[in-house]
Amino acid sequence: MSTATSSTSSRCPSKCKCSVPPTLLTSWTCHNPGRRFLACKYRFCNFFRWVDEEQSEWQRDVINQLLLEKKMLRSDNEKLLVEKSQLVEQMIELRAENHLLKKKKKKKKKKKKKDLGEIYTVPLESRMKRLPKILYAIVFSIILAYFMKQV
């Protein structure tokens, strides 16, 4: 039992050559991906010692393949986020344009009715028909605000 303790203490020294506790780091090189090691905190004395056992070639290949897939997924995700942001901007511009066109259309309708000498009032029935559209617009703007916070 003391052998295990002494081998552990010899593998993990409490101080480096600078008399400073070493830092536990992880290697992400292709040859030692994910392998942990101890090094001088300030890197003055070039102290270095592996904590983990050496990996087999199969382990290295699997870890490197997973790291490559992670990098590709991250890149794809970044591209999708850019595309999403562009689509959201486009949607906002189209909604603003749509709003302006609706305003123009309403003005034309009002002007036409006034020209005919009629008093323009909206009956209660037509206002009730528009209520679901208003609710839809409110829900849509809440969802849009949520996605804008995530971008």
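# A quick tour of the chain

Let's start with Ser19, which sits in the loop between helix H1 (2–11) and S1. Keep in mind that this is a predicted model. Overall, the protein chain has three helices and three strands, and along the sequence they run in the pattern α-β-β-β-α-α. Of its 151 residues, 13% count as buried.

**Loop residues with positive phi**

- Back to Ser19: its phi is near 65°, a positive value in a residue other than glycine.
- Ser19 is exposed, and its relative accessible area is 54%.
- Asn46 isn't a glycine either, yet it has a positive phi of about 60°.
- You'll find Asn46 in the loop between S2 and S3, where it is exposed with a relative accessible area of 63%.

**The salt bridge**

- The count of salt bridges comes to one.
- The partners are Arg36 and Asp52, whose closest N and O atoms are 3.3 Å apart.
- This pair ties together distant parts of the chain: Arg36 belongs to strand S2, while Asp52 is in the loop between strand S3 (48–50) and H2, and the two are 16 residues apart.
- As background, side chains of opposite charge can pair when their charged atoms come close.
- Arg36 counts as partly exposed at 36% relative accessibility, and Asp52 is partly exposed too, with a relative accessible area of 21%.
- Arg36 also has Thr26 to look at: the two are ten residues apart along the chain, with their C-alpha atoms separated by 4.3 Å.

- Asn32 is placed in the loop between strand S1 (23–27) and strand S2 (35–39).
- With 11% relative accessibility, Asn32 counts as buried.
- The side chain of Asn32 makes a polar contact of 3.4 Å with the side chain of Arg35.
- Arg60, for its part, is in helix H2.
- Arg60 is buried but has no salt bridge, and the nearest side chain of opposite charge, Glu54, is 4.3 Å away.
- Why doesn't Arg60 form a salt bridge with Glu54? The cut-off for a salt bridge is a side-chain nitrogen within 4 Å of a carboxyl oxygen, and Glu54 is 4.3 Å away.
- What Arg60 does have is a side chain that reaches the backbone oxygen of Gln55 at 3.1 Å.

**Surface patches**

- A positive surface patch is built from Arg95, Lys102, Lys105, Lys106, Lys109 and Lys110.
- One of its members, Arg95, is found in helix H2 (residues 57–115).
- Arg95 is partly exposed, with 35% as its relative accessible area. That matters here because patches are made of residues with over 30% relative accessible area and no salt bridge.
- There's a nonpolar surface patch as well, of about 380 Å², made by Val139, Ile143, Tyr146 and Phe147.
- Val139, one of the residues in the nonpolar patch, lies in helix H3 (residues 124–150).
- Val139 is partly exposed, with a relative accessible area of 48%.

Conventions
Residues numbered from 1 in each chain as written. Predicted model: local features only at pLDDT ≥ 70, side-chain atom pairs only at ≥ 80, totals over all residues. Heavy atoms only, no water. Patch = residues over 30% accessible without salt bridge, like charges linked within 9 Å, V, L, I, M, F, W, Y side chains within 5 Å. Areas by Shrake-Rupley, 256 points an atom, 1.4 Å probe, with all protein chains shown as cover. Helix = DSSP H or I, 4+ residues; strand = E, 2+ residues; numbered from the N terminus. Buried < 20%, exposed > 50% of the residue type's maximum accessible area, 1.4 Å probe, protein only. Lys, Arg positive; Asp, Glu negative; His and termini not counted. Charge placed at Lys NZ, Arg CZ, Asp CG, Glu CD. Polar contact = N/O pair within 3.5 Å; in protein donor to acceptor, adjacent residues only side chain to side chain.
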